[in-house]
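Work through the exercises below with the model open. Each one has a task and a stepwise solution.

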Amino acid sequence: MNKRPFSFRSIPGWAYTVALVGVLYLTGLHTEVLGQVQRLLLATGLKKAEVSAPVTAVSSEAESVASTSFKRAGTGFEMVRLDGTPVNFESLHGKVVFLNVWATWCPPCVAEMPNIQSLYEKVGSEKIAFVMLSVDEGGLAKVQKYIQKKGYTFPVYLLASAMPQEFESASIPTTFIISPAGKIMHTQVGLAQYDTEEVRNYLLNLAK
């Protein structure tokens with residue numbers, strides 16, 4: 001009985017899919033590929049961050065009174081910059097804090113980072129502190145390499161103490177917007193587009 005000659009056409013389509021997925025995971029490219037796909041979703045404008053109505057400016061006196069009625073978010077929390085400098089989260093009190101919890105292995109985190117970089121460039125850092133908090137377990141070197149490769153300029157930190165309970169989330173990315181008094185004003189779980197007029201106005205008004 002004659003054997004049929006081998007032909008790629010005889011290989012089922014699902015086998016190509018499995019092989020492609022396997023190669024992507026083995027090479028570590030799956031995160032970037034999935035991130036690019038999700039970045040296209042952000043470009044449609046369907047995943048905008050859902051901030052509340054525009055925040056009116058809060059007087060310093062009112063903030064001072066309010067700050068005594070609750071525990072400031074991040075109290076006692078320690079972080080470390082990519083250059084190894086330790087930072088106490090409490091040193092950011094008095095500024096609006098845009099805190100994004102992410103990791104290099106997380107596709108939706110990778111997808112939303114370019115628009116966070118764009119937001120950072122537009123609103124500045126004089127009154128708004130950006131905290132891109134990596135939860136990678138590979139250490140500083142891994143995160144440094146990723147940030148340098150992408151050319152991001154927003155401030156990046158790693159954990160130097162346990163994550164505060166108020167910043168814990170069932171999934172990442174998760175973003176918190178915190179008032180100058182240290183109160184969490186907005187929490188966004190999952191992929192979102194932040195470089196929008198609504199978010200920019202929200203941050204700038206909160207910083208007044």
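A residue counts as buried when its relative accessible area is under 20%, and as exposed when that area is over 50%. The model is predicted.

**Exercise 1. Confidence**

Task: State the mean pLDDT of the protein chain, then find where pLDDT is below 50.

Solution. 
- Step 1. The average pLDDT of the protein chain is 82. A score of at least 70 is reached by 69% of the residues.
- Step 2. Residues 13-25 have a pLDDT below 50. This stretch makes six contacts in the model beyond near neighbours in sequence.

**Exercise 2. Two phenylalanines**

Task: Classify Phe98 and Phe130 as buried or exposed, then describe their aromatic pair.

Solution. 
- Step 1. Phe98 has a relative accessible area of 0%, so Phe98 is buried.
- Step 2. Phe130 has 2% relative accessibility, so Phe130 is buried as well.
- Step 3. Two values describe a pair of aromatic rings: the distance of the centres and the angle of the planes.
- Step 4. The structure holds nine aromatic pairs. One of them joins Phe98 and Phe130, at 5.0 Å centre to centre with 35° between the planes. This pair is tilted.
- Step 5. Phe98 sits in strand E3 and Phe130 in strand E4, so their pair ties together parts 32 residues apart in sequence.

**Exercise 3. A strand-to-helix pair**

Task: Characterise the pair formed by Trp102 and Tyr146, and locate both residues.

Solution. 
- Step 1. The Trp102 and Tyr146 rings are 5.9 Å apart, centre to centre. Their planes make an angle of 35°, and the pair is tilted.
- Step 2. Trp102 belongs to strand E3 and Tyr146 to helix H5. The pair thus links distant parts of the chain, 44 residues apart.
- Step 3. Both Trp102 and Tyr146 are buried.

**Exercise 4. The two faces of H5**

Task: Which residues of helix H5 are buried, and what covers them?

Solution. 
- Step 1. H5 spans residues 140-150, and its buried residues are Val143, Tyr146 and Ile147.
- Step 2. These three lie on the same side of H5, because they cover an arc of only 95° around the axis.
- Step 3. An α-helix has 3.6 residues a turn, so residues three or four places apart point the same way.
- Step 4. The cover over the buried residues of H5 includes strands E3 (96-102), E4 (128-134) and E5 (156-159), and helix H4 (107-123).
- Step 5. On the face turned away from the buried side, H5 carries the exposed residues Ala141, Lys145, Gln148 and Lys149.

How values were computed. Residues numbered from 1 in each chain as written. Predicted model: local features only at pLDDT ≥ 70, side-chain atom pairs only at ≥ 80, totals over all residues. Heavy atoms only, no water. Buried < 20%, exposed > 50% of the residue type's maximum accessible area, 1.4 Å probe, protein only. Helix = DSSP H or I, 4+ residues; strand = E, 2+ residues; numbered from the N terminus. Arc of directions from axis to C-beta. Contact = heavy atoms within 4.5 Å. pLDDT = per-residue confidence, 0-100. Phe/Tyr/Trp six-rings, centres within 6.5 Å; stacked < 30°, edge-to-face > 60°.
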